[in-house]
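Let's take a walk through this complex together, from the confidence values to the helix packing and the contact surfaces.

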Amino acid sequence: MARRGAPVDVVGVGRTFALAGDEVSALRGLDMHVPAGGFTALIGPSGCGKSTALRLVAGLDTPDEGTIDSGGASPDEMRRGQRIGVAFQDPSLLPWRTVTTNIRLALELVGRRHDTKAVDELVELVGLQGFEKARPSQLSGGMRQRVAIARSLVTNPDLLLLDEPFGALDALTRQQLNDELQRIWSARGTTTILVTHSIPEAVYVADEVLVMSPRPGRIVARHTIGFERPRTRELLLTDRFHAEVEAVSASLHRSEGQVVQLDTDPG
Amino acid sequence: MSPAADTAATATARPAGGSRLDRVPPRLLSSAVGIAVLLLWELLARTVYAGSYRLSPPTAVVVEFFEFRGLYLRNLWHSTKTAAWGFLWGNLAAMALAVTATLVPWLRRSIGAVVLTVFCLPFIAIAPILRLITGPGNATPIALSALAVVFTTYVAALLGFDLAPGSALDVIRSYGRGRLTAFRNVRVRASVPALFAGLQIAAPAAFLGAVVGEFTGAHRGLGILTVRALGALQTDRIWVIAVMSTIVATGGYLAIGALGRYLCPWSPALDVGAVPVPRIEPGLLNRLAGLAAPIAVVFVFWYAFLWVFGIEPFFAKTPVDVWAELFSVSEAPETRSIIFGALGTTMWTTSLGYVVGLVGALASALVFILVPWLERALMPIAVALRSIPIIVTTPVIILFVGRGLLTTTAIVAVMSFFPTLVNCYTAMTRTPEGILDVLKSYDATSAASVRNAYLPTSVPALLASARIAVPTSLLGATVAEWLATGDGIGAVMVTAFTRNDFKILWVSVAVLTIVAVIGYWLVAAFELRTLERMAPGTSR
């Protein structure tokens, strides 16, 4: 399959915040590599700096130390080049716009306002046909999240960054959207980084699962997920899927217990 | 999101300003601006405006105050005492009305109509009418002061009672208890933050009521001192009074704000100025009932007022009398031409100031959002000025602008500017961070951020401010006309007042009140339609 998108190389990144007079180190010595067209899931305990890491890659924030590079471009250059698509746990839709015009917002911002074909395509891809004229307040949580995903994809970005986009949804909707995310990724081949709390979700959709330590966050384990694609729900019931989930879960528990752990690769 | 990530989000809440001024502490910046303003004021007063009777230099204001401090402090104390009594009675009445409206929902619309009508009364012109009942003493300023706080406190208390969490009310209901228990156990507690937000606005409003009451013939107080100083062109004296009023009114505003924060530290800052209007149920019958019942209640109150106080027919005019004066007696055409001719002038100057104030406020809020260091330098001053009852400083504006038609426009513009600016800016800062992040991730221009985020998020606040500004603008206009310009309906009223022509006075009051109520409801209808169109289902 033809792969497109930008690779991401994070080397020795640290980020410290001033919080109520205190210095809080959110990330320290973060290293990660996502190949072009790869799908990487980032998992870790609450408050470990996953979201901070993603914001740094998106160019929404700048690291205090270390470098981030996407095939020769810095995150800020990627952002200014409008090559990034983002979706957060809060769908962050404009309540006064419809499904169509919310998706079109991204196109307007990159100067392709009249590309109605791209919008129609995305509406279909995320399964929102018939709801084009609906406002966010008239949609369910899952539908709103689909709009956010469609908006993040409509500009055909080289890098797709998802910060727990399905975190607030029920298990059934979540599984459905995971299937669609996988399908969309397979069709488009955009480099994707997904931040999530859910181990099965990470194992189900990603090529590689990176486990982070508690704050200050760094990568403490890397699991390559070798399941063939397309992955279907039957996979969820297999022993090899459970084994993989167990393995990631074990790394996660180890990481929670101790901060000073060297990089391991149990996979 | 982790606390650290929260901080990161806050850091990007506004477009990144590269200015070095962004790192100057806000207090330092606004103090510097304050000192610069004082220096410029002194300089202008000593050079360009020297001998013009328009602007007193700050040093002269201080000297004047200390020279006559006995006089000033005596009158300030008197007006403050008046305002305190008005504050007490007005707030008690407002809370009683709000409790009734919450416990007896079908009375709510009618109570709301009465309270709104009171808010729309041209205060300066009803002072002579109130004086008929209360006599020459201090009761009229106290009554006006009380009337001036009823609306804001009522709206705030009602909002507070409604903010009670529905789930908590359901718990009470699930134990088979009724409205009264729910009210005692849940609503009263839930209302405290909103109530304090309302009381905070009520403090300067009470001071305003007291001073306006004193404008029309009290024996003591800052109001009558101002009127005399205006007549004698004592520029320094007028400036001293304006500065003292500002300090006292702002002090009350800040003190109640601090008390509110002390009593409910868990509560976020509430903005009572931006409360949306309640929606009228659809359907022609509901609409008619929604309109007719409140009007009927207002007329009942009008008759009840005349009957309870037993005012002599020479002074007391019923709705029927007012109608006759305007449409059936032989002088009716003449009355109509006087009243509506003057009303036309007032409407023209007022609308101009109203539009200038609102548009200017929105534009300034956008500038503040896009240029953070400017916001940090000027916003504290804007917030302080917002708490001032601008009407109290009317004499100063009259001195500065002169006594022409523009004076009315200037006062109305200033009056609508500050609250709208603060409300719109606050709304813009509450733009969801996720939306700003999405915009930033596409490197959106400032223009695109304004169009897609800041402007739309400030629309509800803008419309709510525009609605509230209708009655306050007319109030400001009539005070300016009464005291200075000699134009418009305010001048018609002051002439009628000096000639004891109570017919014209009542007709003017009635017409002005109706105009203010209609204006308020026109903006409210536009507000509801716009909010419903922008984001269906999100307006109340």
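**Ground rules and confidence**

This is a predicted model, in which local features need pLDDT of at least 70, side-chain atom pairs count only at pLDDT 80 or more, and totals for chains, interfaces and linings use all residues. Residues are numbered from 1 along each chain as its sequence is written, while chains are lettered from A and ligands numbered from 1 in the order in which they are written.

The predictor assigns the complex an ipTM of 0.84 and a pTM of 0.84. Helices here are DSSP runs (H or I, at least four residues), numbered from the N terminus. Please keep an eye on residues 1–17 of chain B, where pLDDT stays under 50. For that stretch the model has 38 contacts beyond four places in sequence, a contact being two residues whose C-beta atoms, placed from the backbone, lie within 7 Å.

**Domains and chains**

Chain B is assigned domain 1 (51–276), domain 2 (279–316) and domain 3 (319–540), with bounds taken from an automatic or database domain assignment. The C-alpha centres of domain 1 and domain 3 of chain B are 19 Å apart, and their contact takes 38 residues from domain 1 and 40 residues from domain 3. On the domain 1 side, helix 11 of chain B gives the largest share, nine residues. By class, that side of domain 1 of chain B has 29 nonpolar, seven polar and two charged residues. In this scheme Ala, Val, Leu, Ile, Met, Phe, Trp, Tyr, Cys and Pro count as nonpolar, Asp, Glu, Lys and Arg as charged, and the others, Gly among them, as polar.

Between the chains, the contact takes 27 residues from chain B and 31 residues from chain A. Helix 1, helix 18 (433–441) and helix 19 (446–485) of chain B each supply at least two residues of the chain B side, and the largest share, seven residues, comes from helix 18 of chain B. That side of chain B divides into 16 nonpolar, eight polar and three charged residues.

**Helix pairs**

Axes are lines fitted to C-alpha atoms over the stretch in contact, and angles run from 0 to 180 degrees between N-to-C directions.

| Helix pair | Angle | Axis distance |
|---|---|---|
| Helix 9 (residues 179–215) and helix 11 (residues 235–263) of chain B | about 165 degrees | 9 Å apart |
| Helix 13 (residues 319–327) and helix 21 (residues 502–534) of chain B | roughly 100 degrees | within 10 Å |
| Helix 3 (residues 99–109) and helix 4 (residues 116–125) of chain A | roughly 125 degrees | within 10 Å |

Angles under 35 degrees count as roughly parallel, over 145 as roughly antiparallel, 65 to 115 as roughly perpendicular and the rest as oblique. Helix 9 of chain B is therefore roughly antiparallel to helix 11 of chain B. Their contact includes F196(B) and F207(B) from helix 9 and Y253(B) and I256(B) from helix 11, with 15 nonpolar, five polar and no charged residues.

Helix 13 of chain B is roughly perpendicular to helix 21 of chain B. V322(B), E325(B) and L326(B) of helix 13 meet K503(B), W506(B), V507(B) and A510(B) of helix 21.

In chain A, helix 3 and helix 4 are oblique to each other. Among the residues in contact are I103(A) and R104(A) of helix 3 and L122(A) of helix 4.

Methods:
pLDDT = per-residue confidence, 0-100.
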